[in-house]
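The entries follow in the order in which I looked things up.

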Amino acid sequence: MKRLVEEFRRTIRLLKGTNVLLVLVGSLIQAVGICNIHAFSDVTEGGALGLTLLIYHWMGISPAITSLLLNAGCYLLGWRMLGKSFLAYSAISVCFYSLCYSLLERFAPLWPGLITSPLWCALLGAVFVGVGAGLSVLGGGAPAADDALAMSLNKRFGWNIQNIYLVSDLLVLVVSLTYIPFRRIAYSLLTVILSGQIVGWIQRFEKK
């Protein structure tokens with residue numbers, strides 16, 4: 001136990017303040033978008049975020065809880081491929097996302113007029129999720145399981161991160177047809193494509 005505590009302390013000391021700030025800001029932005037737009041508009045997200053909304057619809061379990069539970073396996077995979085600092089940044093991201101979501105859902109939706117327009121929900125939802133996830137990825141963490149999976153596969157095989165997002169998102173969208181009308185899935189497809197592209201664009205800053 002002492003060895004684990006000491007290892008944890010060493011990992012924390014290696015974290016960079018700028019990266020932590022990116023992860024925190026990204027998690028907050030993502031929580032705002034999911035809680036106030038996607039959770040009320042029938043325009044869902046793909047990947048792990050969309051899966052938390054699916055569970056929320058059918059079981060009534062808050063995404064603040066399911067986001068923590070669903071991420072465990074992918075984070076273990078990410079830890080193996082991306083290192084201990086990745087796991088530390090991701091832990092900060094997930095915990096802060098859940099905290100922000102649990103606080104925001106008490107007042108949601110903040111923009112009730114917006115959720116009546118599926119097109120605006122798709123566009124603005126993509127911006128919130130894409131920028132939020134992108135900043136977290138840029139900071140070295142992953143706010144959701146599919147972010148961790150995408151980063152791991154990108155690191156291991158060099159696959160394009162936008163394509164990884166697209167495949168995982170499409171799988172969740174197909175399952176989401178169980179509660180979202182088919183016409184709304186088109187808007188959901190728009191938002192997952194845009195959000196994945198935004199994450200990829202922001203990731204390029206790290207390479208530059």
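Entry 1. I took contact to mean heavy atoms within 4.5 Å. The model I worked from is predicted.

Entry 2. I looked up which residues of H3 meet H9. On the H3 side I noted Gly47, Gly50, Leu51 and Leu54, and on the H9 side Ser168, Asp169, Val172, Val175 and Ser176. Sorted by class, the contact of H3 with H9 has four nonpolar, four polar and one charged residues.

Entry 3. I then turned to geometry. Two packed helices are described by the angle between their axes and the distance between the axes. For helix H3 (residues 47-59) and helix H9 (residues 161-176), I noted an angle of about 15° and axes 8 Å apart. The crossing in which H3 passes H9 is left-handed.

Entry 4. How many aromatic pairs does the structure hold? I recorded two aromatic pairs. One of them is formed by Tyr97 and Tyr101, with 6.0 Å centre to centre and 45° between the planes, and is tilted. Both Tyr97 and Tyr101 belong to helix H6 (residues 84-104), where they lie four residues apart, about one turn of the helix.

Entry 5. Are Tyr97 and Tyr101 buried or exposed? The cut-off for buried is under 20% relative accessible area. Tyr97 has a relative accessible area of 1% and is therefore buried. Tyr101 also counts as buried, because its relative accessibility is 2%.

Notes:
Residues are numbered from 1 along each chain as its sequence is written. This is a predicted model: local features need pLDDT of at least 70, side-chain atom pairs count only at pLDDT 80 or more; totals for chains, interfaces and linings use all residues. Side-chain values use heavy atoms; hydrogens and water are left out. Axes are lines fitted to C-alpha atoms, for helices over the stretch in contact, and angles run from 0 to 180 degrees between N-to-C directions. Helices (H or I, at least four residues) and strands (E, at least two) are DSSP runs, numbered from the N terminus. A crossing is left-handed if the near helix is turned anticlockwise from the far one by less than a right angle, and right-handed if clockwise. Ala, Val, Leu, Ile, Met, Phe, Trp, Tyr, Cys and Pro count as nonpolar, Asp, Glu, Lys and Arg as charged, and the others, Gly among them, as polar. Rings of Phe, Tyr and Trp (its six-membered ring) pair if their centres lie within 6.5 Å; planes under 30 degrees apart count as stacked, over 60 as edge-to-face and the rest as tilted. Buried means under 20% relative accessible area, exposed over 50%, partly exposed in between (1.4 Å probe, protein chains only).
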